[in-house]
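Let's walk through a protein structure together, one step at a time. Keep the picture open beside you as you read.

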Amino acid sequence: MPTQIVMDHTGDSRTYFDARDVQARANAEARFKKLVARGFTAAVRTKAGEVTRVSAFDPNAEETLFFPRLVGG
Amino acid sequence: MLSLRRPAITGRLLAQSVRRFYERFSAENTRDARGLRLLREWLTPAQWQQFEALGYFEVVGCDTGKRYRIYRGRMTNVYEIDDLGCLREGWCFVPFGFLTAGDVMLAQKIALETSESAALAVANRFLPRRQRAQGDVSWN
């Protein structure tokens, strides 16, 4: 089941959704857009372990990871 | 003579320390444990193996092809390395907010592998610590 993983102060928060459910998919897409608008970076990973940055919602991605915007330390 | 043998001993102790650290946290459901589990899931097998053995893993920047070493920690833990594996320059950048070390290292990895220039644009540079440059790694 596709999962959206958001890094946060608890470690991470995960939201699972059924990609065949129109309403669930719409909610997931809205969540994606909201996080990206807040400066989060979205990334997906292939089965080979390669990581790709994405700018558009992909309902078929098994896992989409979001992390907050980067700042200089 | 003693100083010549020291890096090997330190490396072994470090590897044991990393293993113990991971074993302790992997059984728990704390925020740090979750961060480490997420890191493990997203690192390549080779990167995770390197992290377990040495306390760091290496990534290749997507724009320049340069190699970076990411040490365990939350800040001042990313170093550009040369062809011989020596530390050249430190780059300090972190995701905003109070995240676990595992999350921070994962964000740094993804940033360098997918948007290296943007990550370095916000980073502050620093000189490598002498201990790390000599292979004696301390934990952040």
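Is Asn124(B) buried, partly exposed or exposed? Asn124(B) is partly exposed, with a relative accessible area of 39%; buried means under 20% relative accessible area, exposed over 50%, and partly exposed in between, using a 1.4 Å probe and protein chains only.

Before going further, here is how to read what follows. This is a predicted model, in which local features need pLDDT of at least 70 and side-chain atom pairs count only at pLDDT 80 or more, while totals for chains, interfaces and linings use all residues. Residues are numbered from 1 along each chain as its sequence is written, chains are lettered from A and ligands numbered from 1 in the order in which they are written, and side-chain values use heavy atoms, with hydrogens and water left out.

**The two chains**

Start with chain A, which has one helix and six strands. Helices (H or I, at least four residues) and strands (E, at least two) are DSSP runs, numbered from the N terminus. Along the sequence, the pattern of chain A reads β-β-α-β-β-β-β. Of its 73 residues, 44% count as buried. The accessible surface of chain A is about 4100 Å², and carbon and sulfur atoms hold 50% of it; such areas come from the Shrake-Rupley method with a 1.4 Å probe, and for residues only the protein chains shown count as cover.

Chain B contains six helices and five strands, in the order α-α-α-β-β-β-β-α-α-β-α. Here 47% of the 140 residues are buried. Chain B exposes about 7200 Å², with 54% supplied by carbon and sulfur atoms. Among contacts (heavy atoms within 4.5 Å) in chain B with a separation of 6 or more, 55% are between residues 24 or more positions apart.

**Where the chains meet**

At the interface, 24 residues of chain A are in contact with 28 residues of chain B. The area buried between the two chains is about 2300 Å², and carbon and sulfur atoms give 64% of it. Buried area is the accessible area (1.4 Å probe) that two parts lose on being put together, summed over both. Val51(A), Leu70(A) and Gly73(A) supply 25% of the area that chain A buries against chain B, more than any other three residues.

Gly73(A) brings us back to our opening residue. Asn124(B) lies in strand E5 (residues 124–126) of chain B, and its side chain reaches the backbone oxygen of Gly73(A) at 2.8 Å. Within chain B, the C-alpha atoms of Asn124(B) and Cys92(B) are separated by 5.0 Å, although the two are 32 residues apart along the chain.

Now look at helix H4 (residues 101–114) of chain B, where you will find Leu106(B). Leu106(B) is buried, with a relative accessible area of 0%. Leaving out residues up to four places away in sequence, Leu106(B) touches Met7(A), Leu65(A), Leu38(B), Leu39(B) and Trp42(B). Lys109(B) lies in helix H4 as well and is buried at 1% relative accessible area. Among the residues that Lys109(B) touches are Val51(A), Trp42(B) and Phe57(B).

**Salt bridges**

Side chains of opposite charge can pair when their charged atoms come close. A salt bridge is a side-chain nitrogen of Lys or Arg within 4 Å of a carboxyl oxygen of Asp or Glu. The whole structure has twelve salt bridges over all chains, and one salt bridge crosses the interface of chain A and chain B. Here are some pairs to find:

| Pair | N to O distance |
|---|---|
| Arg14(A) and Glu41(B) | 3.4 Å |
| Arg14(A) and Asp12(A) | 3.0 Å |
| Lys33(A) and Glu29(A) | 3.6 Å |
| Glu80(B) and Lys66(B) | 3.7 Å |

What separates Lys33(A) and Glu29(A) in helix H1? Because they are four residues apart in helix H1 (residues 22–37) of chain A, about one helical turn lies between them. Lys33(A) is exposed at 52% relative accessibility, while Glu29(A) is partly exposed at 32%.

In chain B, Glu80(B) lies in strand E3 (residues 78–81) and Lys66(B) in the loop between strand E1 (56–60) and strand E2 (67–71), so the pair ties together parts that are 14 residues apart in sequence. Glu80(B) is buried at 6% relative accessibility, whereas Lys66(B) is partly exposed at 39%. Lastly, salt bridges that share partners join Asp12(A), Arg14(A) and Glu41(B) into one network.

Notes: Polar contact = N/O pair within 3.5 Å; in protein donor to acceptor, adjacent residues only side chain to side chain.
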